Structures are given as C-alpha cells and as structure tokens.
Amino acid sequence: MKRFLPLLLGAALGFGAATSALAIERGGSMTFARYDDSTVIDPVWADRNPDLWMITSLYETLLRNGADGAIEPGLAESYAVAGDGKSISLKLRDGLKFSDGSAITGDDVVFSLDRARNPDGPWGGLLGSVEKVTAEGGKVTLSLKQPDPTIPSILATFNTGIVSKAAFEKASGSNDQEKAKAYFDNNPVTSGPFTMKSRVAGSSMSFARNPNYWRAGEDGKSLPYLDGVDFVVIPDDATRILKLQAGEVDVAEFIPFARVGELSGDASLKMELFPSTRIIYAPINTRDTRKDGSKNPLADLKVRQALNYATDKNMLIKLVTFDTGKPMTSLMSAATQLHYGPEPLYPYNPEKAKQLLAEAGADGGLDITFTTLAGSADDATLFTALQQMWAPLGVNLKVEQVDNPTRGAKNRNGEFDIHTYGWANDVNDPAQVTGWLGYYKQRQAVGTGWNNQEFNTLFEASNSEVDPAKRKDEYKRMQEIYAAEAPLLFLYETPFAVAVSKSLENYVQTPLGANDFSEAWRAK
Amino acid sequence: MPSLSYLVARLLQIIPTFLLVMVFIFLLVRMLPGDPAIAMAEAKATDAQVVQIRRNLGLDQPLPVQFMVFVKNTLSGDLGRSIMMKAPVSEVILSRLPTTIFLSLYAVALAVLLAGPLAFLAAMRANTTTDVVIRGVFQVGLSMPVFYIGLVLLTVLAAQLRWFPVGGYGTTFLGNLHHLMLPALSVALYTSAIIVRNLRASLIEVLDADYVQFARAKGLTPRIVMTRHVLRNALVSTVTLLGLSIGNLMSGTLVTETVFAIPGVGRLMLEAIFARDYPLIQGLTLTFAVMVSVVFLLTDVVQSLLDPRLRKS
C-alpha cells in the first residue's frame, strides 16, 4: 500500500493543478432571477432590500468587508484613527476612475459622505457622530463629535458608496431625493464593479462591466470577470424555480427551505446556503400590563424563561427550515462581529420549564396570543408546533394572523403578547442589531418594553469605546444579560438559500444580504 | 344605434360612482392598521424617524384635510407621489397599464374563441356525449383556482416541454403574444368555463322559444333563424356576463401577474397594499374604477345594440 502513496499524492496534485488551470474564465454574462425589483439603487435614499443589496455592485465604498468579516481597504488604501478617537483619516488610491473615465477625487468623497449624513435619509443616523468631512488631495479626514468605533464599518457599508459629484449634480430634481431618482433612472456614473445598462421597471434590469473598476482579479486584470449581469423579476417562488429549471436563468434567489432538499438533488444545479446574519425570533411583551389593561403574565422573567425552555428549537429548525437553520446562541447571529454565545440558548427542557412556571405561580394555566404573518407557511408551522409544545404546561396558545404593516404597528404600540419577526444586519458591526433588539431608547427594545439599566448603560458606553478589547467585553456582558433576561423567544438563524446553475462560479450573497457579482465567472 | 341622450345619461352615471370610489378608497386604506412609515425599511426606522416620515407624507394632518388635498389634487390630474417607487403615481401606473390591458384583451379574445364555438356545439348536441364532455372539462376549469391552473400550465408547457418561456413579458408584439400565452390562457379557461355554461343554457332555451318555432314555421332558412333570432337573443345575457367577468378579470390579474412575473398594474396593486403606499393604492383603485366603468359602458352599448328594448330605459 505504501508504494502507492506517492502515486496517489501525485494524482491528487495533478488533479489540483488541473482544476486551478480550469479556473477563471472571462467574458459572458449571467441571468439572475430576483424576488422583487429595485426602485432606486442609491446609497442615501434606498430603503428596501432589493435596492440595498445591489448598491455595492454600483457604488464602491472607501473600505470593504472582507470574506471573514474584517474591514479591508477599498477605494482608500489605508485608514488611521486618531489617538483620541475623534478623527479618522483615509488615503485614496492613485488613479481611481469612475465608469465614465473621470477621476475619483477627494471632492467626490466629501460630496458622497455629506449626502450620506443627511438626517432625512433612512441611514443618516449611522454617521450621526460625524461633524465634518474634508479632503486635501487624496487625503480624506472625518472629524467626529465624539469617538465612534463603528465608523470604519459604516465606511464599508452601502450608504457611504461613492458617487460622482459632477454627474450627480447634473441630475434633474428640486431636492436630493428627486435627484437621486433621476440619477438612477438615467444610467448613472458609477464607482463599483458594474454600471447600469438598461432597465424596465418592474420587470428587468441589466448591469454592464465597469471597465474602470479598481480591483484586480486572479489573472491580474481588472474585475469583474463577467461582461454583464441581467436581472429578471419573478416574485412567485415556484415560478422562479421553474425558470431556473427550464435553463432560462442561472441563479434563483430566496429558495423556500421546503424545496432545498429537492434542488440539492438536481444534478444541473448547486444549492447554495450562504451564511447570513438573518435571525428569526419572537419579541415578548414584557410590560406589566397588556394594551387592554389586563395583567401581563409575560412580565415575569420566569415565565419568559420557561417558554424558552419549553420550545424545542431543533424540532422547529427541522420543521420550518428543513434542517438548514441553527439555534440562536445570542441576541445576534454567530456571523456578527463581537458575537458571544458558547452554546445554543435555552436548550429544550420541559421539566425545567414546568418548574419555572410553578415558581412564578403560573402553573394554573396561561392564555397567550401568538401573532403571525397571514399567508406565511413558516409562521403557521411555527404556531402549530409551539401550541403543541406548550400545551402540556397549561399554556393555551391562540393565533392572531395579520399582514406585515399591521404586525409592525402592533409591535410599535405594544399591542401583542408574542409575535414572529426577522432581522438581517445591514452594517458589519454589532451596534445596529444590539440597538434594535435591546436598547430601550431606540425602539423600546424591539417593542418588548424591556428596559434594563445595566444593558442601556453598557450600550451607550460601547458606542464611543475606542479600545477594541473593552468594547468586546461590553458586548460580551450585554449578550449575557440579554440571554438571561429573555425578552425574546430565541428561535434560529437561517442561511440565504440560492440555487445556482453548475456553469456559474463564485457568485456570493454576503452575510449582510448583498449580492456580489464582482468575482463571479462562467465556465464555457 | 343607441341615441346620443342614452349615451350621455349613461356617462353621467359614472360621476357619482367615481366620487363614491374616492371616498371609500380614501377611508378604507386609512382604516387598515399600520401605515407607510411603519411599512418602510422592514420597520427598521426608529420611533423618531417614523414621526418624521409621517410629517413628510402629510399623514399627521387630520383626515378631512388629507381628503380635501386628495380630491383637489386628483381633480387637477395629480395623483401624488408613490412612496414605494419614489416617482409620480401617474407615471408609475401609465408605465404598467398597457401590459395589463394587453393581457386582459388577450384573455378575453382567447375565452371567446374557445367558449363560443364549444357552447354552440354543446347546445346543438344537447345531452349527447359531446355535450357532456365539453361541460365536464369546463366544470373542472371552473373549480380550479387561476393560480393553480397557471402553475400547472407553467410546469408542463413551459418548464418541461419548453414551448413557452417561464413568465415574463417580452419586448416585441409577437414576443408579447408568446410570453403572455400561458397567463392569458389560464385566465381564459376560467372565464370561458362561465361563458360556456351560460351561452349553452340560453341557446337551448332560445332554440325552444315560440318565436323561433314560428320563424322556422314561416319557412326561414336555418341560417337566418340562427343569426337573426337565436344568436341575437341568446347573446344578451352572455354579453352581460362577459362584461362582468372582465371586471373580475381585472382583479384576477393581481394573482396572475404575480405567478407569471408580469409587470402590470395587478401586481403593482398587491405590492402597493403590502407597502401601505396610500397614493399608489388610491391611484390604482381609480384606474381600476375607470377601466371597469368603461367596460360596463361598452357592455351596455353592445346590449342596447342587440336588444332595442334596453335603449328606452
């Protein structure tokens, strides 16, 4: 046997060489079937995922999110935070160009960041700590009102994508929002890997390769490898999959989990489950009284903990996500920076649940309403499963089905017991999800009314903490408090399920949801 | 021909209809829980932002004030700005409307072509095997929801046999006909099922009527009996039904356009409702009201052509 080993090794090496010789072919295009159309792909005014997740294909940011989540250089080749944390300076690369061939200058950066700071825009708050942006040649400086450790992440986020000042100012419109729409509608000048070639609202869209994009591919020539990406809008899940199976498109996004198994077995496809920051959870109303004035049993921590213990997360993952999900280990997904969660929260333990309910004096029966999205098969399964899991504890779970805006309104008014919700990070920093789920002053801790002094103080401190080690500690403590206090029913994390044709390589959906076609290529 | 005064009177009836539609739609969308501010950005906005968005959209004004603004703007042709699309409502609707009209006319044409001859055949051979088979097939069509027929057609004719593209709209006229064949057919199957039942029944009834017996006894040729006496009378109720089903068809496009990925106003309406895009919902409802009114008006005109008695009322 020993004699064969070198031979086998040689074969393996030979095979390796063959595959890398096969790698990376340039040219051609791909067709992508999406669930919804873009309406305005603009860094400042986009507010829907079909817009947000396309921005970085058109507009490059100063910094970038690396594959492992670390912040990497982008249009800026380096950045430095001042010792007192109150300013950040960046150095632009030499020779950067927009898609129309004009130079990307410090003025364009100042213009883009000033636009992004507009407090009327949906993302203006992310740059709330910035006092002034200035540029001297290729050196850009952000002066801050107070230290803000999230700024490097924000400079790698879609809302700080760089637009051409000269071209944008020529767009028609009486204010920035109207200009943004006009700019987008008329084949905008871009800084990212692609440009807009054409678009039929509600139906299709085409990106063409930006020949001036700065990043180089594996072959040393500039990215992207593809000449273009064509998009078709197909809202219906079943139709989108049929379109892929008929070979009319190369990629179909948002594959329902129920169909992942079936598509994994299709030899002409790759079923991708991209790691995501998406979490499915259920906010619990923690206020002493319900909206109708009656006493709220869920105000008792032990009841909330009991319900978490009485929930068999692994069973739910099997039933709803067809084993593609993972149990939550913290308030944030494991793919989020500064995540702390050594093990799944509240492992299934009906005995402990029973005991906790008895200690809370709630073992004589509880009436709880579970608010779900009407028409959502996932929510229906979730409700049925929870109803059965909790019934032995004397919990009478009733369902209330509403549509999405109604659910949002109920959440904001505190008019619910427990309801379903989902979240995906937009920013590669834990502050966004932590503020959303736990910080009372922002959204009453995702509408739960949970108001924990220690948590709030830690959150405020962490937002201006310049020492990364201290900030990490603060985040660890916040996640511990949140887990113990259980203002949520902790459910599961889900991946982005995307089915891709076998001939297409390297298309990626990032953990933040963004579509990345910059390194995709097609084998001919 | 219907008299001019009949047409004018019929047109004037449309005005109160529109006023009622405006009041109802204005109130109904605002009675729905959840507003555009909350529906935006997957609800990620902070409470302060929600207040700001409401102010920007004028939703912090009292309802009567909002209604007056709505009526005033609508009468001056300004339907407002879509919150979701960030563009003028009229522009958004006009860009999507031709697709839906094309699909609807295509579906009606298919339905009539399919149902007319078959109903005729079924009536001529009433209670034979032919009749039973025709009625049976359409009964199945009637009892299946349109989206299901659509998915079956897509799976078999598009994905497996590849005779048609899976969804989409096409760019040329022939391309449109090719792309929209399956959606038009799935709507047409439902509509023609209704027409076949009705037309067959009225044909049989009329064929048996005294005046037809009399016409035959008079020695008129079967062809003249058929065109002048039978068809003309049998068509009156079928035309009414066709008019009504075009109204239904408009609402049917909500589902069909979603399943078949067609960028028309039906799918737009669904998206607008989920986004609580008040200006767009209002604009679309008015558009639907105009289209349905026009169809009903045409139905009345055709009926009065067929049946002179109706012109007097």
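The contact between the chains, counted where heavy atoms lie within 4.5 Å, takes 42 residues from chain A and 38 residues from chain B. This is a predicted model, in which local features need pLDDT of at least 70 and side-chain atom pairs count only at pLDDT 80 or more, while totals for chains, interfaces and linings use all residues. Residues are numbered from 1 along each chain as its sequence is written, chains are lettered from A in the order in which they are written, and side-chain values use heavy atoms, with hydrogens and water left out.

Chain A and chain B bury about 3,200 Å² between them, 55% of it from carbon and sulfur atoms; buried area is the accessible area (1.4 Å probe) that two parts lose on being put together, summed over both. Of the area that chain A buries against chain B, Leu242(A), Pro405(A) and Arg412(A) supply 18%, more than any other three residues.

Two salt bridges are found across this interface of chain A and chain B, a salt bridge being a side-chain nitrogen of Lys or Arg within 4 Å of a carboxyl oxygen of Asp or Glu. Arg276(B) and Asp403(A) are joined by a salt bridge between their side chains, at 2.9 Å from N to O.

Within chain B, the domain assignment, which is automatic or from a database, gives domain 1 (4-89) and domain 2 (98-310). Their contact takes 28 residues from domain 1 and 24 residues from domain 2.
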